[in-house]
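Hello,

Here is the structure I promised to pass on. Please open it first, then read my notes below.

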Amino acid sequence: MPTLLRHLLVAAGVGLAVLMVSYQLDSYRNFQLATVAAYLCATAGLTILTGLCGQLSLGHGALMATGAYTVALCQAAFFDRGVTSGLTLIGSLAAAVLVTVVVGLVVGVAAARLRGPYLAGLTLAVAVVVPALTVTLDGVFNGEQGLPVPVAPAPESLGLYFPHERWQLWVAAGTTLLCLVVLANLVRSRYGRLFRAVRDDEVAARLAGIHVARTQVIAFVVSAAGAGLGGALLAVLAQSVSPGAFGLTLSLFLLMAVVIGGLGRLAGAVWGALLLVALPDLTHSLTNLFTLSPAAAQRLEGNLPLAIFGATLIVVMIAAPGGVQGLLSRLTHRLRTRRPVGRS
Amino acid sequence: MRTTARRGLVIATTLTLLLGLTACGADDAPGSGEPVPGVTDTEIVVGTHMPLTGPASAGYSKIAPATKAYFDYVNANGGVHGRKITYKIMDDGYNPATTQQVVRQLVLQDKVFAVINGLGTPTHTGVLDFLHSNRVPDLFVASGSRSWDQPDKYPNTFGFNPDYTVEGKILATHVKSTMPGSKVCFLGQDDDFGRDALVGVEKVLGAGGVTAKQTYVTSNTNVAPQIGAFKEAGCEVVILATVPGFTALSVGTAARLGYRPQWVVSNVGSDHPTLARQLGDAAGLLEGMVGLNYLPMQTDTENPWIQLFNKINTEHNSGAEFDGNTVYGMAVGYLFVQALQAAGKDLTRQSLIEAVRKGGYQGPGVAPLRFSATDHSGYGGGRLTRVTEGKQSFFGPTYETDENDGPVQEYTVAPVTPPANGVPAA
C-alpha cells in the first residue's frame, strides 16, 4: 500500500473515532480535546525539528503567537467587510501558516548557521521578542489586552442547539489530522531520511552530498508551519488572542512536552499535547484534594503545574529516556517477544 | 511500514478508550422543563475568575475569599430562599489566556449559575462573548471599563466599579480646583483601564492639560523610564491609573529617583494597607496620596457596615487582614444576595437579570448604584481619600458624574445602615 494512502486511511479512522467521541463527551471535554488537537500541530512540528533533525528551539511559542495573531487580523478583516461565512476560516488558517512559514524561514536561515547553545539563544530571543512586539505595536495588536477573533458559529444545518464546543472539536481535529498526514508523509519521504542523516552525523551527511544547512532550514520551516497552525487553532478556539498565552513558559512547556512524550516519533507528540492540556486540570483537582488554608491553596494552584512538569521531566528522563512513547513501544515489544515463548 | 499504520490505530484506540472513560452524557438540548444550571432546591453554584497569583495578585487575591466569607455568613443564617451559595474561585493569574480556560471550566464543566465579580479589564474582555453566547449572567465585573455597560450587545453583563472615565473626571476636578496651574502627568495601564481613565482626566483638564502621558504593561515590572520622563518634564502632580502592584512600584521608583510629586491614584490602585504592605519600610512615601473610594473606609470603625464586615471577617475569613479589598469583596457579596432576594424563590437566569436591571439597590456604598434597563455601569461616583499619618480617610463631599460631558456634582443622599442580621431582606 502506498504510504500516503495508508496515512490517509489511519487519519480517516482516527477522524471517525473523534467524531464518535465528540458525541459521548460533554462540552468542556470537547473543548479540552480541541485544545489537545491545537497543541498537537505545534508539538508534532517541534518533534520533527528536534527529534528528527536534531535542532533545538526555545521559540516555538512565539511562532504559535505569529499564527494566532495572523488569524485574528484576517478574521477581523473578513468580518469588517461583512464576510461572515465559515469558509473564511480556511483562508485565515492558510494565511496563518503562510505568515509563520515566512517568519520560520527568516529564523531558520539564521538558525542553520548556529549550533547548540547559540541556537538555543537565538530561538529564546524570538520567544521573548514576539510577545513584546504586540505591546510595542499596540496600535495593531492592542497590547496585553489582545485581539478578539470573530468566528462564524456552527453551520445551521447541524441544528440550532448544536454545541459550539463540538463544532470547535471537529474544526480543530480535522485541521490537525490533515497536518499530521502531511507531516507523517514527510517523515517517511526522502526529506525524513535527510533530516535523520543530518541529526545523526552532520559530517557524514555532508560527505554523502547532503546540503546540511538547507535541510535544517527546511526542517525549521516545516516545524514553524506546524506551530503557526497550532497557534491559529488555539486562537480560534479561545476566540481571542493575547500575548500572555504565548509567553516564554509556553515555549519551554512545548519542548518539555515533546521530550516527555518521546522525541523523534509523531506518536510522542500526541502524548505531549495531551499532557499540556491535562496537567493544569490535574493540578487543579489535586489542590482541591488537599485541605490547605485557602491562601496556600491559591498560591499552589498557580505554581504547582510548573513544579509538577519539572518533576515529571526528571522522572521520565531517568526512568524512560525515550519518553512515554519509547516506554510504550518497549512494553509492546516485550509483550510481542514473550508471546511465542508462552505458546511453546 | 505497516508498523506506522498499526501504531496509529493503537493511538486512536487508546485515545478513544481513554476519553470513553471520562465520557458523560450526550447533548443537553434545551427544553421547557429543564433545570436551571447551578441551581437546585438547596444550592446555588456561582463562580469567578481572580488573579490569585501573578502581577495583579497583590491585594486583589483577597477579594474573592472575602466575598466567599460573606456568602458563608449568609449560608450560616439560612441562605437565600432556603438555598446555600457555593462560590467557586478560579485563579487566572491576570492572564487573559488563562481566563479563557478557567471561565470555560466554570461554565461548561462546573455548570455555574452565574459568574460574579470576574476581575480585570484585559482578562474579562476576552470572555464577554463566550459568556454572552452561553447566556450566563455576568454580574458586577470587578473593573471600571466601559465595556460592561453595553446593554444592547451584552444584556447579561453588569459592572460594579465606577467607570474609569467617571473616576478620571472626579480626580481631575480635584486637581484642577486645589492645585490650579500645576503641571499634571498621567501613567496608565496599557489597556481600556488606562485609556478610559485618561479620557476622563482630559475631559476636565482639556486635551493639552496633561503634560506627559505614559503607559505600562503588567508583564514588565520596570517603570523607571516612565517615572524618569515625569521627573524630566517637571510634573508636580501624577495621576495614576494603575493596579496596586504598579502604584507601589511607581511610588517606590520615584523615591529612588529623588522625585516626590503629588500622587493622585485611581480607586483600584489606592488601597493604603495593600500599598503599605508592598512598600514595607518605605510605606511613609504614601503620605499625602490622594485616592478615591465609593465604599466605606476600612479604618472607620464607627461605620456599621465596617463593624458588620469586621465581624464576618473574624468568623468566616479566619481573621484575614482587614483592608479595602475585604470591604470590596463583602460589598459585592451583599449586592449579589440583594439581587438574589429580588429575583425571588423561582430563580432563573432571566429572573436574576430582570432583578438587577430593575435597580434601586442601596448597600454599603457612599455613591449611587444606578442599574437600569439602559445603564449597566456600576457605582456612579465616589469620595476623595487622603493618607494622613499613615491612615487613609475620606475628605470633602461625595461626587457623582457620568462618562460623557456631564458636570461633576455633589451627591447628597445619605448612606443606609445594614439590616440587623446583616442579610438583605427579600
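Start with the sheet in chain B. Five strands form it, and it is open. Their order is β2-β1-β3-β4-β5, and the pairing is parallel. At the edges are β2 (84–91) and β5 (157–159) of chain B, each of which pairs on one side only. From one strand to the next, the twist averages 20°. Keep in mind that this is a predicted model.

Now look at one pair of strands. Strand β1 of chain B covers residues 43–50 and pairs with β2(B) over eight bridges, in the parallel sense. Within this pair, Val45(B) stands opposite Thr86(B). As background, strands of a sheet pair through backbone hydrogen bonds.

Helix α4 (residues 96–109) of chain B lies across β1, β2 and β3 of chain B. Its angle to β2(B) is about 155°. Helix α14 (residues 349–358) of chain B lies across β3, β4 and β5 of chain B. Helix α14 runs at about 35° to β4(B).

Which residues have the most contacts inside the largest nonpolar core? They are Val46(B), Phe160(B) and Leu352(B), in a core of 109 residues. Helix α13 (residues 324–343) of chain B gives the most to this core, with 12 residues. Apart from this core lies another, of 92 residues, including Ala62(A) and Phe195(A).

Finally, find Leu352(B). Leaving out residues up to four places away in sequence, Leu352(B) touches several residues, among them Phe113(B), Leu139(B), Phe336(B) and Leu340(B).

Best wishes

Notes: Residues numbered from 1 in each chain as written. Chains lettered and ligands numbered in written order. Predicted model: local features only at pLDDT ≥ 70, side-chain atom pairs only at ≥ 80, totals over all residues. Heavy atoms only, no water. Core = buried A, V, L, I, M, F, W, Y, C linked by side-chain atoms within 4.5 Å. Buried < 20%, exposed > 50% of the residue type's maximum accessible area, 1.4 Å probe, protein only. Helix = DSSP H or I, 4+ residues; strand = E, 2+ residues; numbered from the N terminus. Contact = heavy atoms within 4.5 Å. Pairing = 2+ DSSP bridges. Axes fitted to C-alpha atoms, helices over the stretch in contact; angles between N-to-C directions.
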